[in-house]
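Student: Before I rely on any of the labels used for this protein, I would like to see each of them set against its definition. Could we go through them one by one?

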Amino acid sequence: MIKITLPDGSVKEFASGVTPHEVALSISEGLARNVISASFNGTTIETATPLTTDGSLVLYTWNDAEGKKAFWHSTSHVMAQALEEKFPGIKLTIGPAIENGFYYDVDFGDKRITDADFKDIEDRVLAIAKEKHEFKMRSASKAEALELYKDNEYKTELITNLEDGTISFCDHSTFTDLCRGGHIPNTGIIKAMKILSVAGAYWRGDEKNKQLTRVYGISFPKQKDLNDYLLLLEEAKRRDHRKLGKELELFHFSQRVGQGLPLWLPKGAALRDRLEQFLKKAQKKMGYEQVVTPHIGQKELYETSGHYAKYGADSFQPIHTPAEGEEFLLKPMNCPHHCEIYNAKPWSYKDLPKRYAEFGTVYRYEQSGELHGLTRVRGFTQDDAHIFCTPDQLDTEFKKVIDLVLYVFGSLGFENFTAQVSVRDLNNPDKYIGNIENWEKAEQAIINAAKDKGLNYVIESGEAAFYGPKLDFMVKDALGRSWQLGTIQVDYNLPERFDLTYKGSDDKLHRPVMIHRAPFGSMERFIAILLEHTAGNFPLWLMPEQVIILSLSEKYENYAKKVLNLLENDEIRALVDNRNETIGKKIREAEVQKYPFMLIIGEEEEKNGTVSVRKHGDAGKSNITMKIEEFISFIQEEVSKTVRSLEV
Ligand SMILES: [Zn+2]
Ligand SMILES: [Zn+2]
C-alpha cells in the first residue's frame, strides 16, 4: 500500500500502481470525468501514470492553469500531426503550451503555410481529436531516439543534449513525438481548435540560427469557449493602446528619435499632467515632499547602490566627458538620488518619516524585440517615492501607502484586484540581508496592513527580494487580463549601502527603513493599461477635453465663444468645433475622439441661453436641452462622482 496526500491535507491509502485517474474516481465520478492532468511531488505526470511511492498528488481540471497547459500542449501534438499530414517532409522542433494556447515551431523547408491553409488544418485536428486517441508516454534509448529523428537536425540536437535514460516519446494515433510528458487522457476532449497566426522564430531564439515558422493555436473543451475567446481577441484589438493612442493623438514614436522612446503629443501630455497633478495633490495631503533630481548620475553612485554590478553590462553604457576619468550613467532608478537627498543633513527620530516623491524619468535598455508600445519602452517616468522611517513606523506607513494605492485604483476605475505579500523563505535565511527582528517586524507589518485594509491577499514564501519583503497588486482589466500595478517594497539594503542614519531616542545612530512605492508604476505603462481598460473612455475627471461645443453654422460663433468662456470659468475643459461642416460630420468625429459631452448650439439655443446636450455613445437617444448654468452644475457633479475621497 502507498499513502497519497491530497491538497486538503488528507491522506488516503491505495494499492501500489494506482493512477491519478483512479484516485479521482475514489473521490467522485464527476471529478474523475473532469480531471485532465496531475502532478506528483511537484512533477507533472499523466492521469494514467501508475503511482508506486508515498507522495503528494494534485489533480487538475480545465479550470486550473496546469489543466489548460496539459490541454494546450496535447493539442500541439495533434496540430503537429495534422501539419505533417498536410505538408509531408516538414521538420518539427518544439511545441509548448503558452499563456493563451500553444505554438509549434516548424521548418517547412521549401513549403509555405498561409492563412488559406488554417481552416483545413483545423478540420484535420478536429477529425483526429474525434477519434479519441490516448496519449501514451514511453521511454526510449538515446540510440532509438536518434534513429527516429535521423533526418531532423533540430530534434537530433535536442536529443544529443539529453542524458540516456531520461528520453521519452509520446504516442497518440499514428504520431510519435519527443516529449517529457504532461498530457490530457485522450484527444476526444478537444472539441474546438483555431490556428491564430504564424510568425517567424529563430531556432532556440538565436538570430544566428535558421528562421523557423511558429504556428500559434488555441483549443477548448467547448465550441462556446472558443467563440468567447475570439470575441475577446477582437475586443483587445479594438482597445490596443497603440491604436487608440494614435486615434486620440496621445503619443507617437519616431524612428529618428529612437526605438522605445515615446513622444507625448499635446493631448497625451495634458493627460499625463492631469494624472500627475491628481497624485501630487493626494501625496501632498499625505505628507509627501516633492523633490527633483537629474537624469544622469556618476557611475560611482550606481556602484554604491549595487545597480551597476547587477544591470550595468546589459544596459545603456556609461557617458564619457572631455574630462579625464569622468563617467556618468543614464539614471535607471531614482532611489540612489533620493538616498543622497536624505543624506543631505542629519536626522533625529523625531523628524521621521521623510517621504520624498518625484516623477522621475529613468532609462533602461530593452532589446528591440522586447519593445511594445508604451508597455515596454527604453525611457519612462515613474511616479516614484521613497519613505525613510524607523522600524516602528513601518506599520503605519505601510497602511498609508495602501490607502493611497486604493485611492488611485478607485478613482481610475480599477475595481477588481488581488494582492500578494512576498515574504522570506525560512529554510534559506542566508539569502537575505538585514536583521531577523526587522524582517519579522516588516513582514508582520505588511500582513497586518493587508488584513486591516480588507485586501484579498495571498502570502508567498520565498518570493521576497533579498533586501526586503513586498506587497504587489494584481489588477484585472475590463477584458479579464491581469496586470501587476502598485508595488510597495521594503528595503534594508540601500540604507546600509548609503550609510543612512538617524539619531534615536537613545542618542545613538540607527538605520532607517526605506519603502519604495509607485502606485502607477510608470506613467507610460499605466496610461497604456488605462487606455485598454477604458477603451479610451477615461473617467470624466481625467478626460483631456470634457466637452466639445458644436455649432450648427459659423453664424453662432459668438455664442459658442460665450459658452466656452462660461465653462472655462468653472474649470471645465472644453473646445469649440466651429468649422463649416455639417453637424452630422462634426458629431461623428466627436464620437471617434470620445469627448464625453457634446453641446450642440444654433439659433434656438442662442435665443434662450441654452445648450442641447448629447452624451458620448448615446447615438439614437434624443438630446437634452439645458440652461448653460444647469449644464455646468450637472457636469461638475458628474466629475465629482468619478473621484474617490481620500481619508488621511
Ligand atoms: Zn507532449
Ligand atoms: Zn526606489
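Tutor: Let us begin with burial: a residue is called buried under 20% relative accessible area, exposed over 50% and partly exposed in between, with a 1.4 Å probe and protein chains only. As to the source, this is a predicted model in which local features need pLDDT of at least 70 and side-chain atom pairs count only at pLDDT 80 or more, while totals for chains, interfaces and linings use all residues. Residues are numbered from 1 along each chain as its sequence is written, chains are lettered from A and ligands numbered from 1 in the order in which they are written, and side-chain values use heavy atoms, with hydrogens and water left out.

Student: What makes Cys335 buried or exposed?

Tutor: Cys335 has a relative accessible area of 5%, and since buried means under 20%, Cys335 is called buried. His386, with a relative accessible area of 0%, is buried as well.

Student: Which residues coordinate the zinc ion (ligand 2), and through which atoms?

Tutor: Donors are N, O and S atoms within 2.8 Å of the metal (3.2 Å for Na, K and Ca), and because water is not among the atoms, sites may look incomplete. The zinc ion (ligand 2) is coordinated by Cys335 through SG, His386 through NE2 and His516 through ND1, at 2.0 to 2.4 Å, and the donors follow the spacing C-x50-H-x129-H along the chain. Cys335 lies in helix H12 (residues 335–342) and His386 in strand E21 (residues 379–389), so this pair ties together parts that are 51 residues apart in sequence. The helix and strand names refer to DSSP runs, numbered from the N terminus (H or I with at least four residues for helices, E with at least two for strands).

Student: What is the bridge partner of Tyr356 in E21?

Tutor: Two strands pair if DSSP finds at least two bridges between them. E20 and E21 have 10 bridges in the antiparallel sense, and the partner of Tyr356 in E21 is His386, one of the residues that coordinate the zinc ion (ligand 2).

Student: How are the axes of H9 and H13 arranged?

Tutor: Axes are lines fitted to C-alpha atoms, for helices over the stretch in contact, and angles run from 0 to 180 degrees between N-to-C directions. Helix H9 (residues 266–285) and helix H13 (residues 394–411) pack at an angle of about 150°, with their axes 11 Å apart. Contact means heavy atoms within 4.5 Å, and here Phe278, Leu279, Ala282 and Gln283 of H9 meet Leu404, Tyr407, Val408 and Ser411 of H13.

Student: Why are E30 and E33 said to stand at the edges of their sheet?

Tutor: The open sheet of five strands has the order E30-E29-E31-E32-E33, with mixed pairing. Strand E30 (574–577) and strand E33 (624–627) each have a single partner strand, so one side of each is left without a neighbour in the sheet.

Student: In which sense do E29 and E31 pair, parallel or antiparallel?

Tutor: Strand E29 (residues 547–551) and strand E31 (residues 597–601) pair in the parallel sense over five bridges, and within E31 the bridge partner of Leu550 is Ile600. Helix H17 (residues 557–569) packs on this sheet, touching E29, E30, E31 and strand E32 (610–615), and its direction makes about 170° with that of E30. Helix H20 (residues 628–642) touches E29, E31, E32 and E33, with a direction at about 100° to that of E33.

Student: What is noted about the backbone of Lys132 and Ser173?

Tutor: Most residues other than glycine have a negative phi, and most peptide bonds are trans. Lys132 has a positive phi of about 55° and is exposed, with a relative accessible area of 58%, whereas Ser173 has a positive phi of about 50° and, at 33%, is partly exposed. The peptide bond from Leu352 to Pro353 is cis, with omega near 0°.
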